[in-house]
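Could you have a look at this one with me? I've jotted down some notes to go with the picture.

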Amino acid sequence: MRGQLSLDLLFAFVLVTLTMLNLIYLANNEMAHAESFDVMAKVRVFSAEIVDHTAKVYAVGEGYKLKEEAPQISGGSFRIVFNGTTNKIIVNATVDGKNYWIVKNSTVPITNASIVVSNGESFWITTVRIGEMLYANITK
């Protein structure tokens, strides 16, 4: 009888331990997904702000500039590309070795320009005149 009781307790202990290990694994996995989702959401908001502010700068006219700041993401580096040929604004964020890409259409004419900013660093969205046309531009 004592041997059976010890075997039952050992079996119950193993089952509880396996259940706890599985719960810990699932919790860690969900935390990683949540952190990745948080970064992606911040990058999406950042790219939408750039597109909106580019349109605002262009609408105000020549000589206007607006100071922007990269999001506060630990270990983040952002490459912002204005592609005047395709009229697209590309934001490439690298955070802890993971890359996040957002490509948005610009609603106004833009120049061909590219900058790299790090976590919290500021940059400028300006207007420039090339020939008779007015374009939005990005500079550090």
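1. Ground rules. This is a predicted model: local features need pLDDT of at least 70 and side-chain atom pairs count only at pLDDT 80 or more, while totals for chains, interfaces and linings use all residues. Residues are numbered from 1 along each chain as its sequence is written, and side-chain values use heavy atoms, with hydrogens and water left out.

2. The sheet. Find the open sheet of 4 strands, in the order β4-β3-β2-β5 with antiparallel pairing. β4 and β5 are at the edges with a single partner strand each, so one side of each has no neighbour in the sheet. On average, neighbouring strands here are turned by 15° against each other, direction ignored. Some terms: strands (E, at least two residues) and helices (H or I, at least four) are DSSP runs numbered from the N terminus, and two strands pair if DSSP finds at least two bridges between them. Angles run from 0 to 180 degrees between N-to-C directions, with axes being lines fitted to C-alpha atoms, for helices over the stretch in contact.

3. Follow β3. β2 and β3 pair in the antiparallel sense over 8 bridges; Val81, for instance, has Ile90 in β3 as its bridge partner. Their hairpin has 4 residues between the strands, and Asn87 takes a positive phi near 60° there. β3 also pairs with β4, again antiparallel and over 8 bridges. In β4, Asn99 is the bridge partner of Thr94, and Tyr100 is that of Ala93. This hairpin has 2 residues between its strands, with Asp96 in the turn at a positive phi of about 50°.

4. Is β3 mostly covered or mostly open? Mostly covered: 6 of its 8 residues are buried. Buried means under 20% relative accessible area, exposed means over 50%, and partly exposed is in between (1.4 Å probe, protein chains only).

5. The core. The largest nonpolar core has 27 residues, and among those touching the most other members are Val43, Ile50, Phe78 and Phe82. Such a core is a set of buried Ala, Val, Leu, Ile, Met, Phe, Trp, Tyr and Cys residues joined through side-chain atoms within 4.5 Å. α1 (2–60) gives the largest share, 6 residues. In soluble globular proteins, nonpolar side chains tend to be buried together.

6. Zoom in on Phe82. Its contacts (heavy atoms within 4.5 Å) include Ile50, Thr54, Ile89, Ile110, Ala113 and Ile138, not counting residues up to four places away in sequence.

7. Which two rings make the edge-to-face pair? Those of Phe46 and Phe123: their centres are 6.1 Å apart and their planes at 85°. Phe46 is in helix α1 and Phe123 in strand β6, so the pair ties together parts that are 77 residues apart in sequence. Phe46 counts as buried at 2% relative accessibility, and Phe123 is buried at 0%. With Phe78 they form one aromatic cluster. The rule: rings of Phe, Tyr and Trp (its six-membered ring) pair if their centres lie within 6.5 Å; planes under 30 degrees apart are stacked, over 60 edge-to-face, the rest tilted.

8. Ala59 is found in helix α1 and is exposed, with a relative accessible area of 64%.
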